[in-house]
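Here is a short briefing on one protein structure. Please look at the sequence and the model first, and then read the points in order.

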Amino acid sequence: MVVEEPSGALRLVGLSKRFGAVTVVDRLDLTVPAGSFFALLGPSGCGKTTTLRMVAGLTEPTGGRILLGDEDITRLRPYRRPVNTVFQSYALFPHLDVFENVAFGLRRRGVPEVAGQVRRMLSLVQLDGYERHRPEQLSGGQQQRVALARALVNRPRVLLLDEPLGALDLALRRRMQGELRRLRTEVGGTFVHVTHDQEEAMTLADTVAVMNAGRVEQLGTPAELYEFPATAFVATFLGRSNLLAGTVNGRSGDDLLVEAYGRRFSVPSARSRVDSGAVLLGVRPEKVRLVGTAEQVPAGHQWLDGTVTDVGYFGVSTEYSVRTGAGVELSVFAAADGESARIPAGSPVLAHWHPRHAFLLHHDPHHCLHHCLHHDLHDDAAAAAAAAAAAVRAGRE
Amino acid sequence: MSRSGRGRVVPYLLLLPGLLWLVLFFLAPAVQLAATSLYDPAGSLTSGYAMTWSFGNYPDAVAAYGAQLGRSFGYAGLATLLALLLGYPLAYVIALRAGRWQYLLLVCVVAPMFTSFLVRTLAWKTVLSDGGAVVGLLRDLHLLAPDGRLLATPAAVVTSLTYCYLPFMVLPLYASLQRLDPRLLEAAGDLFARPAQVFRRVTLPLSMPGVVAGTLLTFIPATGDYVNAELLGTPNEYMVGNVIDAAFLVRLDYPQGAALSVLLMVAILALVIGWLRRAGPAEAG
Ligand SMILES: Nc1ncnc2c1ncn2[C@@H]1O[C@H](COP(=O)(O)OP(=O)(O)O)[C@@H](O)[C@H]1O
Ligand SMILES: [Mg+2]
């Protein structure tokens, strides 16, 4: 039953969309390899939906081209594109039952043997027996499966998913992520999945493109993006990062030497995006450890000293906020491995990490304005919470 | 106990004024009408009517005025069809394409209703008159014989009926098209439906409530209309309304007028039920 479809990568070349004076998608260059599960990840309003709609043919680009294999589909009418969409709102036809919703695309193309294909697809999304139900009689999760089946039954060369799980509650979302992965293995084809949920993108996709303000900031596997982000935006949008502002002032072997907050740090040059000037030294919170005294810092590690200002308990881990002497706030995740005792707020600590876990980014002060501000707000809130907790404790005594 | 007792009574109390109204102004006259239709046809207004259960009034009325009865449904059906064909594109454009002109266009649709029905029909008489511009143009284009006319033809009556009831077609169509989710149209396009198929498979079925409401609101009053036939037609174009009008006000043949009225009501009811069965809520969802 598996039909060999002509395959080919989906390529966006200098794709742009302006609404009036506002540029929503800005000369986007993107190659989605055939057969990949590709996630387009970015904050709300960065142009993800607009990009998908241009691929589907529902929005006309103001510049650039869309290629599918060797074919230029930029000006093709939507109904001529071998592309199907799972809409954010599902957009199920309310006047048709589940069966007819799923059969819609097949019928329009005059495909023979509709019933068998629809039944197989419905059982693939575990909706056997729901053929004659109306969309309004289904739960959100079931509607979402109908939307998936309705698109997938056409075996599109590219399946576009616009925040398909956005309307579901957390538990259902996690379950549907598993479903999506399973469907992808069973049906095949190229999936382009748009989301603002970094966890969703990381768990589902083999390639993630992080989008910001109409441009792609970085593209790679989830591990590449997480381990060695290319920009401060990626470092903070995909997971969390401690970013220390500093300057490169030398080199020692394969390491770059960075001065920040009056201290010297080193970062392997292989983990540096820049080799001079103003930089941001990044370390992921789970790569940082806390110890009480300088003697406990392992050899080769680098550290900053400070005071624990807040302790957040998450079960699997504990999040510490550490205000360093230099005035920077660090986040530290300690795995609940049962080995280390909880450190109470107010304790003096040393936060240390191995240089190979650090990464070095270009410091664009303009860019950072937004993020550091965001970061500071976050830290202010944490500090305020810690202060409040301290006040309560003081009151009790 | 008393609380729940009162709770059960209150809804009926609220129904009471409406029910009284219906009994007084609808049910009682309807019963009276049905009774009148069975009076002895030999009676008269001066000598009085006797209730003789004369069911023969019905076949007699049909035999005498079957043509007008048939014409009523023919003209009304044609006018409804024309109003639908004209009104649907109009409502579609207003609801989905007009943007900020939407409300202005709606007012334009309703504006003719600000003047009296009678005045508008008389205006049609002028528009379609033999010396008028429309007839002149049609004659020049050889679409009409040099001595051909529009006034006093079925075309004049049907055209004017269409015009009169067009707003009643457009408004419900507009309401249902306006509620149409444009994302569904996009989804249909994404699923390989060409524009014509999008219309046939999504737009039209989803606007069926408007089509049903519009056709009923046009067809029912058009069937009973007699002003248009009176002013723009000749006795050859008379509809059942003209006959009923004459039976009650000119010939003073009350049993026959009543029998025709009851026939008209029953026939409309039967057609409406048939139409609702075919196109009604079950299918339109
Ligand atoms: N039809 C439109 N007209 C004007 N602005 C639009 C239109 N569609 C989207 N936008 C704007 O484009 C930006 C990106 O929108 P969108 O692609 O929906 O973002 P995302 O899906 O990433 O949240 C938003 O600021 C939005 O307001
Ligand atoms: Mg969106």
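Predicted model: local features only at pLDDT ≥ 70, side-chain atom pairs only at ≥ 80, totals over all residues.

Chain A is assigned two domains, domain 1 (10-224) and domain 2 (240-375). One sheet has 6 strands with mixed pairing, and another has 5 strands with antiparallel pairing.

**Domains and the record**

- The domain assignment places residues 10-224 of chain A in domain 1 and residues 240-375 in domain 2.
- Taken over C-alpha atoms, the centres of domain 1 and domain 2 of chain A are 39 Å apart.
- An unreviewed UniProt entry lists residues 10-238 of chain A as "domain: ABC transporter".
- Over residues 10-238, chain A is 36% helix and 27% strand.

- Strands β7 (residues 158-162) and β8 (residues 190-195) of chain A run parallel and are joined by 5 bridges.
- Within this pair of strands, A:Asp162 has A:Val194 in β8(A) as its bridge partner.

**The helix across that sheet**

- Helix α1 (residues 48-56) of chain A lies across β3 (37-41), β6, β7, β8 and β9 (207-212) of chain A.
- The helix α1 of chain A runs at about 150 degrees to β7(A).

**Around ligand 1**

- The residues surrounding ligand 1 are A:Phe19, A:Val24, A:Pro43, A:Ser44, A:Gly45, A:Cys46, A:Gly47, A:Lys48, A:Thr49 and A:Thr50.
- A polar backbone atom of A:Gly45 is 2.6 Å from an oxygen atom of ligand 1.
- For A:Lys48, a backbone N or O atom lies 2.9 Å from an oxygen atom of ligand 1.
- For A:Thr50, an N or O atom in the side chain is 2.5 Å from an oxygen atom of ligand 1.

- Strands β15 (289-291) and β18 (329-335) of chain A are the edge strands, and each pairs on one side only.
- Here neighbouring strands are turned by 45 degrees against each other on average, with direction ignored.
- Strand β16 (residues 302-313) of chain A runs antiparallel to strand β17 (residues 317-324) of chain A, and 7 bridges join them.
- The bridge partner of A:Gly312 in β17(A) is A:Glu319.

Methods:
Residues numbered from 1 in each chain as written. Chains lettered and ligands numbered in written order. Heavy atoms only, no water. Domains from an automatic or database assignment. Pairing = 2+ DSSP bridges. Helix = DSSP H or I, 4+ residues; strand = E, 2+ residues; numbered from the N terminus. Contact = heavy atoms within 4.5 Å. Axes fitted to C-alpha atoms, helices over the stretch in contact; angles between N-to-C directions. UniProt positions renumbered as here; feature names shortened; annotations may be inferred. Near = heavy atom within 4 Å. Polar contact = N/O pair within 3.5 Å; in protein donor to acceptor, adjacent residues only side chain to side chain.
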